[in-house]
Amino acid sequence: PTSAQVSVAPHSGRFCYTLDNDLLTTEQRQFYEDNGYLLIKNLVSDEDIERFRKEFTRICKREVTPPGVMIMKNESLRSQFGQTEKVVNKVQDFQEDEELFRYCTLPEVLKYVECFTGPNIMAMHTMLINKLPDSDKQTFLHPMHQDLHYFPFRPASRIVCAWTAMERSHQDNGCLVVQPGTHKTALKPHGYPEWEGKTNKLFHGLLDEDEKIPKVHLVMEKGDTVFFHPLLIHGSGINRTSGFRKSISCHFASSECHYIDVKNTTQEHLEKELQEMVSKKYNATSVELKDIWNFRARLVQGQRINL
């Protein structure tokens, strides 16, 4: 099957997207089944969040340079501010930074992750997002998209994102926006939206967005964590405030998931774009999408089986 034909193997009983355990209530499981996300209040402590914030600042100031980390910046502000948190909008692939990677190993996060992935858990994709104030150019508006577009591993039902607000996240500072129930749809074609001068590298979005599907703005307090399915259509608005909106997240997958070949699928052009970036940066040839993800993947619990 191509990546555009994602089917979910139903489990015994009525639940397809969650596994039997003693943590989630029947109501919580049903909510995730119906909507594709579940918000858990006050999950990550203030103390942990402050530690992640300090480490982000150290990375911005280049006091630490974790291997493999990708620092994304607003280049237009660089001459004005140098490399500070006023310029850095994302620290991606922090799996080799022990302080930030602690997020992916927090027992309070992993106990929920296990409800979706099972006991053998890989951290596949890590990000600390620092949404900059952006009222005019809308540079950091992330178009509506499905995360599975970026992933060459399946099944989708054994992948989940944990996304934690590092301060209050609301409509004015560009909170997450989701379209409930869209996790039941197939993977749709993605590309760069036609926003003149407003697209960031690899910020792909749906090429054909259905405006009729209702959107929900997820208002979250510091420490609140949302878990969501990789087919759930979501994005984030612009930050109209003068402050920064930080969040930390990780995509987890069961290590029993398997890699797929994305050739002749809707993901093929993504593989080509990433190949070009990798060959420029590392002078590497014949890199496949699964090689890039294999490099990022790190075991956090249980056994490493396929990924």
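This short talk goes through the confidence of the model and then some of its salt bridges.

What we have here is a predicted model, and its protein chain averages a pLDDT of 87, with 86% of the residues scoring at least 70. The stretch I would set apart is residues 1-12, where pLDDT stays under 50, although the model does have 26 contacts beyond four places in sequence for that stretch. Where pLDDT is low, the predicted coordinates should not be read in detail.

Turning to the charged side chains, a search of the whole structure finds 19 salt bridges, and I will take three of them in turn.

In one of them, Lys41 pairs with Asp224 at 2.7 Å, N to O. Lys41 sits in the loop between strand S1 (37-40) and helix H2 (46-60), while Asp224 sits in the loop between strand S11 (216-217) and strand S12 (225-228), so this pair ties together parts that are 183 residues apart in sequence. Asp224 counts as buried, because its relative accessibility is 2%.

Next, Arg53 and Glu167 form a salt bridge whose closest N and O atoms are 3.4 Å apart. Since Arg53 belongs to helix H2 and Glu167 to the loop between strand S7 (159-165) and strand S8 (176-178), the pair ties together parts that are 114 residues apart in sequence. Arg53 is buried at 19% relative accessibility, and Glu167 is buried at 19% as well.

Finally, Glu63 and Arg58 meet at 3.9 Å, N to O; here Glu63 counts as exposed, at 51% relative accessibility, whereas Arg58 is partly exposed, at 34%. Elsewhere, salt bridges that share partners join Asp48, Arg51, Glu99 and Arg102 into one network.

How values were computed:
Residues are numbered from 1 along each chain as its sequence is written. This is a predicted model: local features need pLDDT of at least 70, side-chain atom pairs count only at pLDDT 80 or more; totals for chains, interfaces and linings use all residues. Side-chain values use heavy atoms; hydrogens and water are left out. pLDDT is the predictor's confidence in each residue, from 0 to 100. Contact means heavy atoms within 4.5 Å. A salt bridge is a side-chain nitrogen of Lys or Arg within 4 Å of a carboxyl oxygen of Asp or Glu. Helices (H or I, at least four residues) and strands (E, at least two) are DSSP runs, numbered from the N terminus. Buried means under 20% relative accessible area, exposed over 50%, partly exposed in between (1.4 Å probe, protein chains only).
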